[in-house]
Amino acid sequence: MRLKKIISQLDVKAYEDLERQLTKTKADHFLYLSQSYRNGNVNDEEIIKHLNINANSFYVLKSRLYTKVKNHLSEDIDVYKDDILNNMQQIHDACYNQPREIAIAFLEKLEADLLKYDMHSELLVVYSALKKVNLKSEHYFHYSQLYNKHVAFWLSLEKSEAILGNFNQILAEHEFSKSKLILDKLAFLRLEILNHLNLNPSRQIEIIKNLIDIELFLFCCKDMAPEFDIEKTLHDTAKKISELPDSSSHKKWEIGIDYLFFEYYKTLSPVKAQPYYEKLNAQIHNLLLYNSICLTPKFLISKIQFLAERNEIEKLINESTGTILIDSYDMYSKVMLGLYKGMINYYGGKTKAAITGLNELINEFSFKDLFHINIEIKLTLCFLYIQIKDFDLAENIMSR
């Protein structure tokens, strides 16, 4: 009955376009069924007899025509994400100015496309509308359940992304301190992600969980679990990201997994690391802004190590990276960038400029509770002072 109502209620232009499309594709059975429902001059039994099909085939025919009609109502929606957003603006008009059956068909098609494009926040609006237009029908409970389920998923995904950001913030602190207390905080955040994944299993939350596992292995404790296969996890995560629709914001996380591949391969297999290095270095101007996804600012130091081990340090001196964007509130990024520029100055024969830069870091930040980075910067400064034969300042630095 729903299909018959939709076809009979379509405006003249919409129906003529549908009929033209069916004629063009020589879909004769679909065309006859749509014309019969539009004109209302024959019943289902007569249609079955005319088409010489059984009841099951007729049911399939109606189902497929219903899909075609839904597609036709939003025929361009698959082309661009912007088109979907434009259709979102038509929800109110569809719900309150169109026959109810047409509104439901429109919303169901919109639902399917939003699921395809992983547009979860927009889906909440669609499910809310589907609840309203089905308020008096037996489908109300179904859409209420879908709405509630999607609210829970969306909140869980938002919380999981927040946990990942917090994890990387604390991981940066661990890099500077190597504190066991901070390592325990990281382990606790990993348990939180596991809880979210168990409650709301999804590809996106699994990607987040994998990123956390990989970073724990690479930067904290390589013996975290004997059965943990980091290379397999890296490839599985890259595959999951690649399978996301282009409109998904998580698709842009590919640069993060590329960075983790580089960190894994840089010493183990420099040949395998090379293509990842090239991709990362090509995006170095904004790479540090991905600091909520993984520890991308560390790439600056890893890059120097990688080039030095391959006797290619001249590339560091000769290349022009331009402006490197950073989060001005991120101490870790600012320190990594300061060390990076200092090493470029040193390798470029500007040792005094390198010393000035490192002293600026010491003056700007307090490293008294960050033993590891404090020692690293001071030892680097001592080395630079020794290079210019200023032994008194070298000794003074170590006595602070």
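Predicted model: local features only at pLDDT ≥ 70, side-chain atom pairs only at ≥ 80, totals over all residues.
Reader: What makes the protein chain count as more spread out than a compact globule?

Author: The chain has 22 helices and zero strands. Its radius of gyration is 30 Å, whereas the globule rule gives 21 Å for 400 residues, and because the value is well over that figure the chain is described as more spread out than a compact globule. The C-alpha atoms, taken along the principal axes, fill a box of roughly 105 × 40 × 40 Å.

Reader: How much of the protein chain is buried, and which residues of the largest nonpolar core touch the most other members?

Author: Buried residues make up 48% of the 400 residues. The largest nonpolar core has 81 residues, and those touching the most other members are Leu260, Val335, Met336, Leu339 and Ile373. Helix α12 (residues 203–219) gives the most to this core, with 10 residues. Apart from this core lies another, of 24 residues, which includes Phe30, Leu31, Leu51 and Leu61. In soluble globular proteins, nonpolar side chains tend to be buried together.

Reader: Which residues is Leu260 in contact with, once its neighbours within four places in sequence are left aside?

Author: With those neighbours left aside, Leu260 is in contact with Leu211, Ile214, Glu215, Leu218, Phe219, Leu234 and Cys294.

Reader: Why is His150 called buried?

Author: The word buried is kept for a relative accessible area under 20%, and His150, at 9% relative accessibility, therefore counts as buried. His150 is found in helix α10 (residues 140–177), and, leaving aside its neighbours within four places in sequence, it is in contact with His120, Leu123, Leu124 and Tyr127.

Reader: How do you know that the span of helix α2 agrees with what its 13 residues should give?

Author: At 1.5 Å a residue, the 13 residues of α2 (residues 12–24) should span 18 Å, and because its end C-alpha atoms are 18 Å apart, the two values agree.

Reader: What puts the buried residues of α2 on the same side?

Author: The buried residues in α2 are Ala14, Tyr15, Leu18 and Leu22. They cover an arc of only 95° around the axis, and that is why they are placed on the same side of α2. An α-helix has 3.6 residues a turn, so residues three or four places apart point the same way. The face of α2 turned away from its buried side carries the exposed residues Val12, Lys13 and Lys24, and just after α2, Lys26 takes a positive phi of about 55°.

Reader: Why is Lys389 called exposed?

Author: Exposed means over 50% relative accessible area, and Lys389, with 64%, is therefore exposed. Lys389 is found in the loop between α21 (371–387) and α22 (391–399), and its phi, near 65°, is also positive.

How values were computed: Residues numbered from 1 in each chain as written. Heavy atoms only, no water. Core = buried A, V, L, I, M, F, W, Y, C linked by side-chain atoms within 4.5 Å. Buried < 20%, exposed > 50% of the residue type's maximum accessible area, 1.4 Å probe, protein only. Helix = DSSP H or I, 4+ residues; strand = E, 2+ residues; numbered from the N terminus. Contact = heavy atoms within 4.5 Å. Expected span 1.5 Å × (residues − 1). Arc of directions from axis to C-beta. Rg over C-alpha atoms; globule rule 2.2 N^0.38 Å.
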